[in-house]
Structure formats: C-alpha cells, structure tokens
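The following paragraphs give an explanation of how selected parts of a protein model are arranged.

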Amino acid sequence: MITTLRKAQDSWITKGILILTAMSFMSLFGISGYIDSAAGNRAVIKVNDREINQQEINLQLNDEIRTAQKLFGDLEITDEIRNNMLAGLVERDLEELIVAETAARNKISVSDRQIRGIVFSQPQFMDAGGQFNREVFNYFLSQSGMSESEYLESIKSDLERLYLAGNPTAGFNVPSIMKKYVAAAEAERKIFKYIEIDDADMVVDREISDDESRQYYEDFASEFVVPETRDADFVVLSFDDIAENIDVSDEEITAYYEANINRFVTPETRNVLQMVFDDEKKAEAALAALQKGEDFYQTARDMAGQIDEETNLEYVSEDMLLGDLGGAVFAAAKNEVVGPVQTEMGWHIMKVTDIRAGSKTDESKVKGEIRDAIAAEKVYETAYDLINDIEDSLAAGGTLSDIAEKMNVNVNEVKGLDERGNASALPAAFADLMKNADFIDTVFSYNQGEISQVVETDDGYVFAEVKAVADSRPQSMEEALPEIKKIWRENEKSAIAQEIVNDVMHDLENGDNIADVGRRFRLKIIATEPLSRSESFAGLAQAQMLELFNDANGTPKLIEENGKHIIAVADGQAAPRELSETDMEILERRLQLDLGQEAEDALIKSYGQDYDVRVKYRLLGLAD
C-alpha cells in the first residue's frame, strides 16, 4: 500500500541534495498550539468538520507502544520515544483527514466491491489452493491489532490517497544535472581512522568500600525495592482447543467437499508438443509435413524457428492452455496431431505424446481434514459466544476448574510473577504468555481470589485467578549489596572511559593527529578501506556517516552508544568509485521514488491550504 513508500528519515539524498523539500505542517497551515488545557475527550486534530479526538489518538499511541514492545521486547518507552511516536501519528492522521476531505469535495468514492476485491486477491490471505481464507485473514487482524472495519477503512484511505496524490506525482523524470551531482556524491569515497573505547574494557583497580556502599544505599534507597509479585492460576483456550469442541455435520462436510472439489481432484495431464505460426498457411504447411511423417521437433526447428525447449510444453492440464487449445488437445488420442488452432498468440500445431490419467480423492478419505478446516473457519464466530457463556458462568460462581473440565484443558499456575514478566516458577510452555503486557496487566488489576475477564492473545484466550499477593517492600542493605556493587563498578568503568574520551577529544580538537594521540594514550587506531556515503564502519548509522563525510578531513567526531565510544576522523579522499549501469539505474529509481514521495506529500499539504486545519499541540503534550 501507499504507506510502504514512506522514505527513511536519514536518507542522505533527502537530507543533502533533494530539491523538493516539504514545508512543515506548522509553517504551511499556520497551526499553533492551543493554550487551553481543559480536561476531557476533546478534538485535537481537525480539518474542516472532520476530527480526531484525544481518546482516539491515545488509543493509537497505545497500539504503537504495544507493537514496539512486541517487536523489541522489554523496551523502555522514554518521553523522547513517546513524543516521536505521537508526532508521527499526528502527521499521519492529519494527512488522512486532508485526503478524506479532498476526496469528498471531488466526489471520489471507493466501492465496497472494490475493497473486497483487493482483500480477496491479496496472496497473504490465501490458502494452499489459492482461495481466500477467513482464518488467515482474522489471524492477520489479531496480529496487527486492527478490527476488520479499521483494515477496510485503511484500504479505502490508501486508494483515495493513490488517486489524489500517488498517481498525479508518479513517474518523475530525474533531471540530468541532478543525476550528475548525485552520482558524483555517491561515487565519492573517503578513508577514515577511528578509536574505539568501550566502558566494559576499563579496569577498576579497587572495590567499593563499606562506607561508600552504605552511602549509596542511603542516597538511592528508593531504587532498592523488592517488587510486588503475584501467584495466579490461569486457563488458556487456544484456537485449536476451541475448534476441537465445534460440531461439524456430515452435510457441512459434503457441502465443503463439493464447493472445493478442485482441492481433491488431480486433473488429467498430457505431455504436449507445440509449434506456433503467425500465418495460417505456414501452420497448414507444417501440418502437411507432419502428416508425411516428418519429425515434430525438426519441423518446429525448420519451419517455426523454435528450439526444442520452446517446442516441448511438458505435462499440462486442460486449464493451462489458451482459448480453444485445451478442448482440442484433451479430445485428441495419444500421438495424435491437432491443429491448426487459432489463439491470440497465433496458429498452433499440437501433438499429444503421453497421457496421465487424473484422480479424485473420495470424500470419506478427507473427511477429517475437511472437518478441521470447517472448524477452523468457525473458530472466531464460535469463540465470541463461547467466551460470553464462560464469563456468564464465572459471574454465577463458576471456577477455572469448571472451564478446564468443559474444554478439556489444564489449569496452569505461575508463581512470583512481577510486572516485568519475571516469575519464580511457571510452565515452560507458557513462557511467552508471561511477557504479554495484557496478561500481566490483568493479573495485577484484580484482587486476590478474583477471576479475570477474558484476555485475548495471539494464540487464543486466557482467564486468570489471583491466588496470592506479595506486596513490594524495601530491600535491606544486605539484599541490595550485590546490585550496589554491580552498579558502582559499571559507573566507575564509565567514568574512567569518559576521562579517556575527554582527553583524546581535547588533543584532537587542538589539532593533534589521531595517530599521535592513539600512541600517546596506547589506543589502537583502526583505518577503514575507502568508503562511500552508503557504506559504513563500526556499526555507524547512515546519518552518522553523512555527518562524517560532510566534516572537513581531520575533524574529530564522537559517537556514543550503549557504553561504547567511537572517535573518528576523515583521513583523506580516495579515488571515486566507478558506478556501473546497474548502479545508475538503481540511483535513478531511488531519486524517482524520493522525488515522487516528496511531491506526493507536498500535494497533500497543498490541498490542506484550502481547509480550516487545527492541531492542538499543547493538549497533545507536543508543545512547550
């Protein structure tokens, strides 16, 4: 879809060379923050009468955070990360409102039939037989955190954006002068020298004293806490568990078998030779030669100019042949020549050299397979009623054991679960569930002895009962001491490394050569091979490489990340890289894509100039 075309933010082309740069929404529309900070579910983004309220965008942000935590595990969502996520959502939502308003003004509509056609034709939703599979589609929705209506609406929005902005800005011709300068920039190469300083490699030559430990404990007592933990029983109803309890009638099985008969039939196939002519008289001449006993392959070589690989179609089914060819070929006997038969490709002469009979798998042999397929299709509609029945039963005094017995599953137990998903004891099969944020929130939201409402996960549904609660408490000095020693040692290493970094940067900024500085501090100097802008060393990001390229030779740059410090300088130019034709084609396509995306964004923003556009940045927490 359209959203997959959004460019990387640190693209060197868009940062350094691209001509079409888009103005910010704030400067383009004159949007300013609103001082009013009154509570309530107020509209925070508005385009004419179209609005997105605070609750909607908070839900979107929560979905983004959950997705990030699924992808990256125990990710700490800092204020910076949160604000970046929120800013991206605001930009996306604002563009969608502008597109929707423009589509309505221009009477552009997308029919339900068109949307259904797109969904039904997407390969990721098809089964092995190439048919749309509702179970696969529903699984995709659960994974993406969208409802069906939200997904269909996203398709509609993408199509409207395509009509209004994608198509009009497609197919940019990249100016020759731009290609020239971008190619020169891409071909440029430099050699870099750098020093790596790692906090972990630093040597601490003493241990923390008792007085220092005690002082650290007193200063940071709030950090040394045994977290609240909970014991809980839980029942997991997987989709397979639910499917096993679904009744499927013989009539349903027969109807499914007949509706999907192609899955259970192996069609007859025939080994076919073919020659094709653009003129019927030539085809008739080839047929006459074959009727005189000439070899088919030799005739195809002499009269149709075909090589043997083009002549032998190998084994094909009737539906694989064009137009009337299928009927003619599959009505012929073995070794019979057929033709001339006309299709849009020309005039065909065919010969059947072998026949493999088709087969049909009897319904009785695939009854179990069909039953499972029908049950899987019914899982989602059945689950809704089943979960409602279970929750009604629990409200009337039912227990987890009742659920387990009814569904033929086990009651499981987790002990010592904390809010980070750590546990002192848990069933190994459900280790992933203990990292599920919704499950953890549920266990910590109920009181001891209470059974939760259902928790939906990627694999099914969960009910939990809190069995015991251990309140959080301060750690004693003895309990905290191992952690204090660990933190102190890490801080000491970091301080030692930082002192070295400061000394090295001081000398380099005073004009010393990096090689001399390395010898002075007994640090290893590493020299790179000649590198272009699109290449990297020591794991540096593209944006960091661009900054290094833009700095004058010998200018020191410090890059710090996760306790590692890289001090690098550009040490000189190397011969430019020779760009091949393939390189130039890729470069041009990349420029076309970037130019088209910039133009598409600018076009959408230009539509917005005609509307009353408001964004309440203060209410969103994005304005100082």
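Glu578 is exposed, because its relative accessibility is 72% and the category begins over 50%. In this predicted model, Glu578 is placed in the loop between strand 18 (564–574) and helix 22. Although Glu578 and Ala184 are 394 residues apart along the chain, their C-alpha atoms are separated by 9.9 Å.

Two packed helices are described by the angle between their axes and the distance between the axes. For helix 7 and helix 22 (residues 581–608), the axes come within 9 Å and cross at roughly 95°. Helix 7 is therefore roughly perpendicular to helix 22, given that angles of 65 to 115 degrees fall in that class. On the side of helix 7, the contact is made by Arg161, Leu164, Ala165 and Gly166, which meet Gln597, Glu600, Asp601, Leu603, Ile604 and Tyr607 of helix 22. By class, the residues of this contact between helix 7 and helix 22 comprise 5 nonpolar, 2 polar and 3 charged.

Salt bridges form a further topic. Asp583 forms one with Arg577, and the closest N and O atoms of the pair are 3.5 Å apart. Asp583 counts as partly exposed, at 27% relative accessibility, and Arg577 is likewise partly exposed, with a relative accessible area of 26%. Elsewhere, salt bridges that share partners join Glu95, Arg161, Glu600 and Asp601 into one network. Arg161, Glu600 and Asp601 also take part in the contact of helix 7 with helix 22.

In total, the structure holds 31 salt bridges. One of them joins the side chains of Asp354 and Lys334, at 3.7 Å from N to O. Asp354 belongs to strand 10 (residues 346–356), whereas Lys334 lies in the loop between helix 15 (325–330) and strand 9 (337–343), so this pair ties together parts that are 20 residues apart in sequence. Both partners are partly exposed: the relative accessible area is 24% for Asp354 and 48% for Lys334.

Another salt bridge links the side chains of Lys557 and Glu547, with 2.5 Å from N to O. Here Lys557 lies in strand 17 (residues 557–561) and Glu547 in helix 21 (residues 542–550), so the parts tied together are 10 residues apart in sequence. Are the two partners buried or partly exposed? Lys557 counts as buried, because its relative accessibility is 16% and the limit for burial is under 20%. Glu547, at 38% relative accessibility, counts as partly exposed.

An α-helix has 3.6 residues a turn, so residues three or four places apart point the same way. In helix 5 (residues 112–121), the residues Ile115, Ile118 and Val119 are buried. They lie on the same side of helix 5, because the arc that they cover around the axis is only 95°. The elements that cover these buried residues of helix 5 include helix 6 (134–144) and helix 7 (148–166).

The loop between helix 5 and helix 6 contains Asp127. This residue counts as buried, because its relative accessibility is 18%, and the limit is under 20%. Apart from neighbours within four places in sequence, Asp127 is in contact with Asn133 and Arg263.

The axes of helix 11 (residues 250–259) and helix 16 (residues 367–395) come within 10 Å, and their crossing angle is roughly 95°. Helix 11 and helix 16 are therefore roughly perpendicular to each other. In the contact, Asp250, Glu252, Ile253, Tyr256 and Tyr257 of helix 11 meet Lys367, Ile370, Arg371, Ala373, Ile374, Glu377 and Lys378 of helix 16. The residues of the contact of helix 11 with helix 16 comprise 6 nonpolar, no polar and 6 charged.

Conventions:
Residues are numbered from 1 along each chain as its sequence is written. This is a predicted model: local features need pLDDT of at least 70, side-chain atom pairs count only at pLDDT 80 or more; totals for chains, interfaces and linings use all residues. Side-chain values use heavy atoms; hydrogens and water are left out. Axes are lines fitted to C-alpha atoms, for helices over the stretch in contact, and angles run from 0 to 180 degrees between N-to-C directions. Helices (H or I, at least four residues) and strands (E, at least two) are DSSP runs, numbered from the N terminus. Angles under 35 degrees count as roughly parallel, over 145 as roughly antiparallel, 65 to 115 as roughly perpendicular and the rest as oblique. Contact means heavy atoms within 4.5 Å. Ala, Val, Leu, Ile, Met, Phe, Trp, Tyr, Cys and Pro count as nonpolar, Asp, Glu, Lys and Arg as charged, and the others, Gly among them, as polar. Buried means under 20% relative accessible area, exposed over 50%, partly exposed in between (1.4 Å probe, protein chains only). The arc is that of the directions from the helix axis to the C-beta atoms. A salt bridge is a side-chain nitrogen of Lys or Arg within 4 Å of a carboxyl oxygen of Asp or Glu.
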